[in-house]
Amino acid sequence: MMTTTKAIQDRVPGVAMPAIDVLTEEQVFPNGTDQPPDHTVLREHFIQEGVIEDTVARLIIKKTTKLLQQEPNLLDLAEPISSMAYKYCVHTMPHLTVPFDSCICSTSNIV
């Protein structure tokens, strides 16, 4: 009997299997939580459809929220944000490779 991995690779040649490991806090924050997360590790893991621990996701959200609240150069846009702006953000994200150089979109603002 074929293993699951072998069976999937036979059916879809050239397509890599999704990441199996769940990234831990130590892997995402190798220099400690007082430093930014390792964006290259996160990016590669998410490209492979990987997941991170719930506590790590919450920590990243808290740190990002705090950082963005201190940013004086953000635009305060009135709701609702059109779905076209959201689509622009979604289609732009895969092309960005520099950390924090991304479009911040909230699905709660979609019309």
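The legends below describe close-up views of a predicted model.

**Figure 1. Overview of the chain and its order of elements.** The secondary structure of the chain comprises five helices and two strands. Read from the N terminus, the elements follow the order α-β-α-α-β-α-α. Of the 111 residues in the chain, 12% are buried. The accessible surface of the chain is about 9,000 Å², and carbon and sulfur atoms account for 58% of that surface. Counting contacts between residues at least 6 apart in sequence, 58% join residues at least 24 apart.

**Figure 2. The largest nonpolar core.** Seven residues make up this core: Leu23, Val28, Phe29, Leu42, Ile52, Val56 and Ile60. In soluble globular proteins, nonpolar side chains tend to be buried together. Val56, one of the core residues, touches Leu23, Thr24, Glu25, Val28 and Phe29 when residues up to four places away in sequence are not counted. Among these partners of Val56 are Leu23, Val28 and Phe29, which also belong to the core.

Figure 3. His45 lies in helix H3, which spans residues 39-47. His45 counts as buried because its relative accessibility is 8%, under the 20% limit. A polar atom of the His45 side chain lies 3.2 Å from the backbone oxygen of Asp21. Apart from neighbours within four places in sequence, the contacts of His45 are Ala19, Asp21, Leu23, Gly50, Val51 and Ile52. Leu23 and Ile52, both in contact with His45, are members of the largest nonpolar core.

**Figure 4. The salt bridge between Asp54 and Arg58 in helix H4.** The closest N and O atoms of Asp54 and Arg58 are 2.8 Å apart. Both residues belong to helix H4 (residues 54-70), where they are four residues apart, about one turn of the helix. Asp54 is partly exposed, with a relative accessibility of 49%. Arg58 has a relative accessible area of 51% and therefore counts as exposed, the limit being over 50%. Helix H4, with its residues 54-70, also holds Val56 and Ile60 of the nonpolar core.

**Figure 5. The salt bridge between Arg43 and Glu44.** Side chains of opposite charge can pair when their charged atoms come close. Here the closest N and O atoms of Arg43 and Glu44 are 3.7 Å apart. Both residues are partly exposed: Arg43 has a relative accessibility of 30%, and Glu44 has a relative accessible area of 41%. The count of salt bridges comes to two, namely Arg43 with Glu44 and Asp54 with Arg58.

Note on methods:
Residues are numbered from 1 along each chain as its sequence is written. This is a predicted model: local features need pLDDT of at least 70, side-chain atom pairs count only at pLDDT 80 or more; totals for chains, interfaces and linings use all residues. Side-chain values use heavy atoms; hydrogens and water are left out. A nonpolar core is a set of buried Ala, Val, Leu, Ile, Met, Phe, Trp, Tyr and Cys residues joined through side-chain atoms within 4.5 Å. Buried means under 20% relative accessible area, exposed over 50%, partly exposed in between (1.4 Å probe, protein chains only). Contact means heavy atoms within 4.5 Å. A salt bridge is a side-chain nitrogen of Lys or Arg within 4 Å of a carboxyl oxygen of Asp or Glu. Accessible areas come from the Shrake-Rupley method with a 1.4 Å probe; for residues, only the protein chains shown count as cover. A polar contact is a pair of N or O atoms within 3.5 Å; within protein, one must be able to donate a hydrogen and the other to accept it, and residues adjacent in sequence count only if both atoms are side-chain atoms.
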